[in-house]
Amino acid sequence: MDEQGEGGGRAAAGGGRMSRRGGVMRDEVIAFKRERILEEAAAAFYEHGYQGTTLEAVATRLGVTKPFIYYHFRNKAEILSEICRRGITEAVAALDAALAAEGTPDQRLAAAIEAITRTVLEQQAYTAIYFREEKNYPADDAVELNRRRKAFDHKLSALLEEGVVAGVFEIEDVRLTALAIGGMISWAFTWYNPQGRLSTAEICRGMAGLVLRMVRRPE
């Protein structure tokens, strides 16, 4: 290859890398903008309710116009669905990590409860919206969210059942216990106060301790 050909090849390669970097940066900017819309929409839904919040109000909070929001989301319902999807997805991910981790069933259950509780507390507004606005879910999204919720209950039941089989837990009704644990953790959004007596870490450890005392076989 002659010098010009080599130079042209290097230029083409360099242009390709720049194009890829440009694409990555573009995706990051879009993701950031979507995240900011979700943050402000969640804050507005939490304060005023889904029905009491307009996209114009969300745009005002962001300092933009409504077309900016419509570029990233089709409508207000899609924003609601994405907010609700976040909480249950992260809760399932925390449970999956516990199921895949090494350790005894009680160690893994404690780790899962701490992680899930932290998600509920740190995303208090998202969790509240998930439960408060169920009646406003679009039909298709309601089916998906319900499927994810059932997956969470099923996986928690599986971990409890594993502990029963191992002789670590003593549980009369595994399914009922899983539902009770899930409800106890999820409902923390109603009373959690970031400026309250206990830190987030203390609440997470405390919730894990409560759950273990519920299920652990007496020595």
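**An all-helix model: group meeting talk**

Thr-119 is found in helix α5, where a helix is a DSSP run of H or I of at least four residues, numbered from the N terminus. Thr-119 is buried, with a relative accessible area of 13%. Buried here means under 20% relative accessible area, exposed means over 50%, and partly exposed is in between, with a 1.4 Å probe and protein chains only. Leaving out residues up to four places away in sequence, Thr-119 touches Gly-87, Glu-90 and Thr-127. Contact means heavy atoms within 4.5 Å.

Some ground rules. This is a predicted model, in which local features need pLDDT of at least 70 and side-chain atom pairs count only at pLDDT 80 or more, while totals for chains, interfaces and linings use all residues. Residues are numbered from 1 along each chain as its sequence is written, and side-chain values use heavy atoms, with hydrogens and water left out.

Now the overall picture. The protein has nine helices and zero strands, a strand being a DSSP run of E of at least two residues. Of its 219 residues, 40% count as buried. Among contacts with a separation of 6 or more, residues 24 or more positions apart account for 72%.

Next, the core. A nonpolar core is a set of buried Ala, Val, Leu, Ile, Met, Phe, Trp, Tyr and Cys residues joined through side-chain atoms within 4.5 Å. In soluble globular proteins, nonpolar side chains tend to be buried together. Here the largest nonpolar core has 54 residues, and Ile-79, Ile-83, Leu-109 and Leu-160 touch the most other members. Two or more residues each come from α1 (3–48), α2 (55–62), α4, α5, α6, α7, α8 and α9 (200–215). The largest share, 10 residues, comes from α4.

Which residues does Ile-83 contact, leaving aside its neighbours within four places in sequence? They are Leu-38, Ala-41, Ala-42, Phe-45, Tyr-126 and Ile-129.

Leu-156 is another residue to look at. Leu-156 sits in helix α7 and is buried, at a relative accessible area of 1%. Apart from neighbours within four places in sequence, Leu-156 is in contact with Leu-95, Leu-109, Ala-178, Ile-181 and Gly-182. Between Leu-156 and Val-174 there are 9.1 Å in space, C-alpha to C-alpha, and the two are 18 residues apart in sequence.

Gly-182 brings us to the largest pocket: together with Ile-88, Tyr-130, Phe-131 and Ser-186, Gly-182 lies nearest the centre of that pocket, which is lined by 18 residues. On a 1 Å grid over the protein atoms alone, a pocket is an open set of points where a 1.4 Å probe fits, with protein on both sides within 12 Å along at least five of seven lines, and lining residues have an atom within 4 Å of a point. The space in this pocket is about 330 Å³, counted as the space filled by probe spheres set on the points, which are joined across faces, edges and corners.

Where does the lining come from? At least two residues each are supplied by α4 (76–100), α5 (105–122), α6 (124–132), α7 (139–165) and α8 (174–186). The largest share, five residues, comes from α8. By class, the lining has 10 nonpolar, six polar and two charged residues. Nonpolar covers Ala, Val, Leu, Ile, Met, Phe, Trp, Tyr, Cys and Pro; charged covers Asp, Glu, Lys and Arg; the others, Gly among them, are polar.

Last, the charges. Side chains of opposite charge can pair when their charged atoms come close. A salt bridge is a side-chain nitrogen of Lys or Arg within 4 Å of a carboxyl oxygen of Asp or Glu, and the structure holds 16 of them.

Take Arg-36 and Glu-40, with the closest N and O atoms 3.3 Å apart. Both lie in helix α1, four residues apart, about one turn of the helix. Arg-36 is partly exposed at 27% relative accessibility, whereas Glu-40 is buried at 15%.

Glu-134 forms a salt bridge with Arg-149, the closest N and O atoms being 3.7 Å apart. Glu-134 is in the loop between α6 and α7 and Arg-149 in helix α7, so this pair ties together parts 15 residues apart in sequence.

Finally, Glu-170 pairs with Arg-217, with 3.3 Å between the closest N and O atoms.
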